[in-house]
Amino acid sequence: PKYLKLFKSILRGDVPKPFEFQWLKKDGTLCSGEMFISLIKNEQKITGIQAIIRDLTDKKEAINKLKDAEERYDSLFNNSPDLVYICDFKGNFLDSNEAALNLLGYSRDEIKSLKFSSILDSGQILRAYNVVRDIKKYGYQKELQEYKLKRKNGEIIYVESIASLIYRDGKPYAVQGIARDIT
């Protein structure tokens with residue numbers, strides 16, 4: 001009934017905007033597509049309908065897989081009891097999970113205004129930058145590193161950390177690390 005109504009309106013000269021629809025293949029597979037409709041006229045008289053159908057099945061499947069992957073990543077990032085953080089190559093924090101914020105005592109906005117050098121023991125800053133250099137070179141950190149960190153309230157804690165590259169558009173973008181409180 002929906003499509004009969006649509007075709008009747010087309011025959012009256014109302015051309016719909018492109019719309020999505022689904023169909024079943026002979027083998028029972030459900031497909032998704034987008035239809036573009038135009039009228040064929042001869043001397044201002046409608047003599048036919050032209051439809052172009054673009055199969056969106058693969059695109060929809062890829063979008064669903066990406067959404068699933070994003071949800072899994074988000075769940076791991078936000079629900080991990082370990083500290084998860086993302087820094088750019090200059091050491092600026094881009095993001096961190098709740099466990100990191102709670103342990104370090106910073107809000108999400110505050111952590112984004114910090115460099116990791118501001119919470120590291122001064123004797124470990126050069127080593128941390130060397131680790132970042134190696135991560136950029138190899139794509140990952142070869143072994144766990146222990147660091148002495150200063151919480152917002154000045155209290156000292158110890159963590160072990162491992163990190164790897166994050167890519168955006170196929171190029172290294174940032175460092176993502178996981179740290180565990182070993183105090």
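Biologist: Which residues does Thr57 touch, not counting residues up to four places away in sequence?

Modeller: Before I answer, please note that this is a predicted model, in which local features need pLDDT of at least 70, side-chain atom pairs count only at pLDDT 80 or more, and totals for chains, interfaces and linings use all residues. Residues are numbered from 1 along each chain as its sequence is written, and side-chain values use heavy atoms, with hydrogens and water left out. Contact here means heavy atoms within 4.5 Å, and with residues up to four places away in sequence set aside, Thr57 touches Leu30, Cys31 and Ser32.

Biologist: Is Thr57 buried or exposed?

Modeller: Thr57 has its place in helix 2, where helices (H or I, at least four residues) and strands (E, at least two) are DSSP runs numbered from the N terminus. Buried means under 20% relative accessible area, exposed means over 50%, and partly exposed lies in between, with a 1.4 Å probe and protein chains only. Because its relative accessibility is 18%, Thr57 counts as buried.

Biologist: With which side chain does the side chain of Thr57 make a polar contact?

Modeller: A polar contact is a pair of N or O atoms within 3.5 Å; within protein, one must be able to donate a hydrogen and the other to accept it, and residues adjacent in sequence count only if both atoms are side-chain atoms. A polar atom of the Thr57 side chain lies 3.0 Å from the backbone nitrogen of Ser32. The side-chain partner, at 2.6 Å, is Asp55.

Biologist: How many salt bridges does a search of the whole structure find?

Modeller: A salt bridge is a side-chain nitrogen of Lys or Arg within 4 Å of a carboxyl oxygen of Asp or Glu. One of them joins Glu61 to Lys65, with the closest N and O atoms 3.5 Å apart, and because these residues are four apart in helix 2 (residues 57–79), about one helical turn separates them. When the whole structure is searched, the number of salt bridges found is ten.

Biologist: How many residues apart are Asp82 and Arg180?

Modeller: Asp82 and Arg180 form a salt bridge whose closest N and O atoms are 2.7 Å apart. This pair links distant parts of the chain, with Asp82 in the loop between helix 2 and strand 4 (83–87) and Arg180 in strand 8 (residues 171–181), a separation in residues of 98.

Biologist: Which residues are linked with Asp95 in a network of salt bridges?

Modeller: The side chains of Arg108 and Glu98 meet in a salt bridge at 2.9 Å, N to O. Arg108 lies in helix 4 (residues 108–112) and Glu98 in helix 3 (residues 98–104), so the pair ties together parts that are ten residues apart in sequence. The residues linked with Asp95 in the network are therefore Glu98 and Arg108.

Biologist: Is Leu11 buried or exposed?

Modeller: Leu11 lies in helix 1. Because its relative accessibility is 56%, Leu11 counts as exposed.
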